[in-house]
Structure formats: structure tokens, C-alpha cells
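Hello,

Here is the structure I promised to pass on. Please have a look before reading my notes below.

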Amino acid sequence: MQKIKEYIQSENWKKAFSTSRKFFFGIPKEDMRNIEIAADCLNGKTDFYEKLGVDCNDALEKAKIFLISKYA
């Protein structure tokens, strides 16, 4: 969990999302979905989600807000 805090503080969202998606216990389903989408979008899968009608920017912002509230 300390690594997630460090990634958040340095605004390394790609690593923060990738790491936090491995710790799904205690994270509400909706928040986990946003974290997973955010991680995927930052790893080059934006087109895939846009074709599904998912707004990657919205998922990124929601995931950031959740991680900051939980770990910062």
C-alpha cells in the first residue's frame, strides 16, 4: 500500500492504477471498475473503451479521486 501512496504523491497514475487493481479487497465494485478502465486506458486501450461508449477521461478522474481519498 505504501507504493500506491508514493505513486499518488508523484502523480504516477499509470503505476498507481496498475498496482491498486491487484488489491481489490475492500474496494467497491464501481471504483474497481474505474481503476481497471483507467489502467487499461493508460496502457493504450483507449480506442477499445471508446468503441464501447466508455469515457476514459471520466474513469481516470473517478479513479484518481477514489485513490486519493483512500490512500493519500
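A disulfide here is a pair of cysteine sulfur atoms within 2.5 Å. Please note that the model is predicted.

First, the disulfide. The structure holds 1. The bond runs between C41 and C56, with an S to S distance of 2.0 Å, inside the 2.5 Å cut-off. The two cysteines are 15 residues apart and tie together distant parts of the chain. C41 belongs to helix α3 (residues 29–42), and C56 to helix α5 (residues 56–71). The link of C41 and C56 is left-handed, with -55° about the S-S bond.

Are the two cysteines buried or exposed? The cut-off for buried is under 20% relative accessible area. C41 has 8% relative accessibility, so C41 counts as buried. C56 has 5%, so C56 counts as buried too.

Next, a helix pair. Helix α1 covers residues 2–9, and helix α2 covers residues 13–20. Their axes come within 8 Å and cross at roughly 155°. Angles over 145 degrees count as roughly antiparallel, and α1 and α2 are therefore roughly antiparallel to each other. Their crossing is left-handed.

Which residues make the contact between α1 and α2? From α1 come I4, Y7 and I8. From α2 come W13, K15, A16, T19 and S20. By class, this contact has 5 nonpolar, 2 polar and 1 charged residues.

Best wishes

Technical notes. Residues numbered from 1 in each chain as written. Predicted model: local features only at pLDDT ≥ 70, side-chain atom pairs only at ≥ 80, totals over all residues. Heavy atoms only, no water. Helix = DSSP H or I, 4+ residues; strand = E, 2+ residues; numbered from the N terminus. Buried < 20%, exposed > 50% of the residue type's maximum accessible area, 1.4 Å probe, protein only. Axes fitted to C-alpha atoms, helices over the stretch in contact; angles between N-to-C directions. Parallel < 35°, antiparallel > 145°, perpendicular 65-115°, else oblique. Left-handed = near helix turned anticlockwise from the far one by under 90°. Contact = heavy atoms within 4.5 Å. Nonpolar A, V, L, I, M, F, W, Y, C, P; charged D, E, K, R; others polar.
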